Amino acid sequence: MDTMRERFATVTSRLLDDDPRLAVVLAEIGVDGFRAAMDRHPDRVLNVGIREQLLVGVGGGLALTGMRPIVHTFASFLVERPFEQVKLDFGHQGVGGVLVSAGGSYDWPAGGFTHMAPGDVALMDTLDGWTVHVPGHPDEAEALLRHAAAAGDDKVYVRLSLQTNEAARAVDGRRFLTVREGRAGTVVAVGPMLDSVLAAVEGLDVTVLYATTVRPFDGAALRAAVGAGDAANVVLVEPYLAGTSAAAAGEALQDIPHRVLGLGVRREELRRYGDMASHLAAHGLEPGALRGRIGGFLGAG
């Protein structure tokens, strides 16, 4: 199976052939995947070098001319380093584009903390009007990328990762999917966390919602799941900073007494490289640890 990032390069290269409004902006990272597309469309596949602020600024400038820019690099270099440009060159200027990140929270631990971005979605959440997609499988990444590319002038962030679920789901870029139903609580599994969540809640009487589009947050789906159960217990399992969606869940349930547990990447910096699996374990995001934390939360209710 190809990775989400490989699928991104393949699909976007095809989209460039079909839609003259699209342009891709790169900052060295990811260039190899676009060599052929660059030969075919040298005016619409641009490599600005290792200049991340310029990367985003060029994307915003293209959007001002009516183009639909797709801007790509690692999440730490796409959201954190040029955050001012994201805020101003897209948001303040009132233009849209597609930011596509790779690297996730800790996909490449050997790269060190400079290449990790567990706070990217929380940071994007400080800005108005951004749609945020977090696919859990390359097929879902393709569907959400196509949705984003065709989304008029909307502002879209697509978060790609090496973490994947075994099977893809039919995602539509809008709603949460109900994967299973129960009455003791509702677990929202975001993107690549779904398989681990399903393994963790085996035998527990809980509803599992699958979220690949987290902003806008599907509050209606959460309300419906909570309303169909016996207890308003909500667990959010996110592949980035723990509790990132707690406020959105609270807003959706503001008139319903409820409890929320946010599970995800801890704020503590892990200073040993390890591998992705060791980081998942250290943050308590592998199935055994998740089961203990989810079961303990539900039992406390």
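Biologist: What makes Phe-90 count as buried?

Modeller: In this predicted model, Phe-90 has a relative accessible area of 0%. The cut-off for buried is under 20%, so Phe-90 is buried.

Biologist: How many aromatic pairs are there?

Modeller: The rule gives 4 aromatic pairs. One of them joins Phe-8 and Phe-34.

Biologist: Why is the pair of Phe-8 and Phe-34 called edge-to-face?

Modeller: A pair of rings is described by the distance of the centres and the angle of the planes. For Phe-8 and Phe-34 the centres are 5.5 Å apart and the planes stand at 65 degrees. Centres have to lie within 6.5 Å, and an angle over 60 degrees counts as edge-to-face.

Biologist: How do you know which kind of pair Phe-90 and Trp-130 form?

Modeller: Their centres are 6.1 Å apart, with 70 degrees between the planes. The distance is within 6.5 Å and the angle is over 60 degrees, so this pair is edge-to-face. The pair joins helix H5, which holds Phe-90, to strand E5, which holds Trp-130, with the two residues 40 apart. Trp-130 has a relative accessible area of 6%, which is under 20%, so Trp-130 is buried.

Biologist: Which strands pair with E5, and in what sense?

Modeller: E5 and E6 run parallel and are joined by 4 bridges. E5 and E10 are antiparallel, with 2 bridges. Pairing needs at least two bridges, so both count as pairs. His-133 has a bridge partner in each strand: Val-158 in E6 and Thr-213 in E10. E5 also belongs to a right-handed β-α-β unit, together with helix H7 and E6.

Biologist: What makes Glu-28 stand out in its phi, and where is Glu-28?

Modeller: Most residues other than glycine have a negative phi. Glu-28 has a positive one, near 70 degrees. Glu-28 sits in the loop between E1 and H2. Its relative accessible area is 42%, which lies between 20% and 50%, so Glu-28 is partly exposed.

Biologist: How do you know that the peptide bond from Arg-215 to Pro-216 is cis?

Modeller: Its omega is near 0 degrees. Most peptide bonds are trans. Pro-216 is in the loop between E10 and helix H9.

Biologist: What lines the largest pocket?

Modeller: The largest pocket has a volume of about 200 Å³ and is lined by 13 residues. Those nearest its centre are Arg-5, Phe-74, Ala-102, Gly-103 and Leu-162. Helix H1 gives the largest share of the lining, 3 residues. By class, the lining has 6 nonpolar, 4 polar and 3 charged residues.

How values were computed:
Residues are numbered from 1 along each chain as its sequence is written. This is a predicted model: local features need pLDDT of at least 70, side-chain atom pairs count only at pLDDT 80 or more; totals for chains, interfaces and linings use all residues. Side-chain values use heavy atoms; hydrogens and water are left out. On a 1 Å grid over the protein atoms alone, a cavity is a set of points where a 1.4 Å probe fits but cannot get out, and a pocket is an open set with protein on both sides within 12 Å along at least five of seven lines; lining residues have an atom within 4 Å of a point. Grid points are joined across faces, edges and corners, and a volume is the space filled by probe spheres set on the points. Ala, Val, Leu, Ile, Met, Phe, Trp, Tyr, Cys and Pro count as nonpolar, Asp, Glu, Lys and Arg as charged, and the others, Gly among them, as polar. A crossover is right-handed if, with the strands pointing away from the viewer, the path from the first strand over the helix to the second runs clockwise. Rings of Phe, Tyr and Trp (its six-membered ring) pair if their centres lie within 6.5 Å; planes under 30 degrees apart count as stacked, over 60 as edge-to-face and the rest as tilted. Buried means under 20% relative accessible area, exposed over 50%, partly exposed in between (1.4 Å probe, protein chains only).
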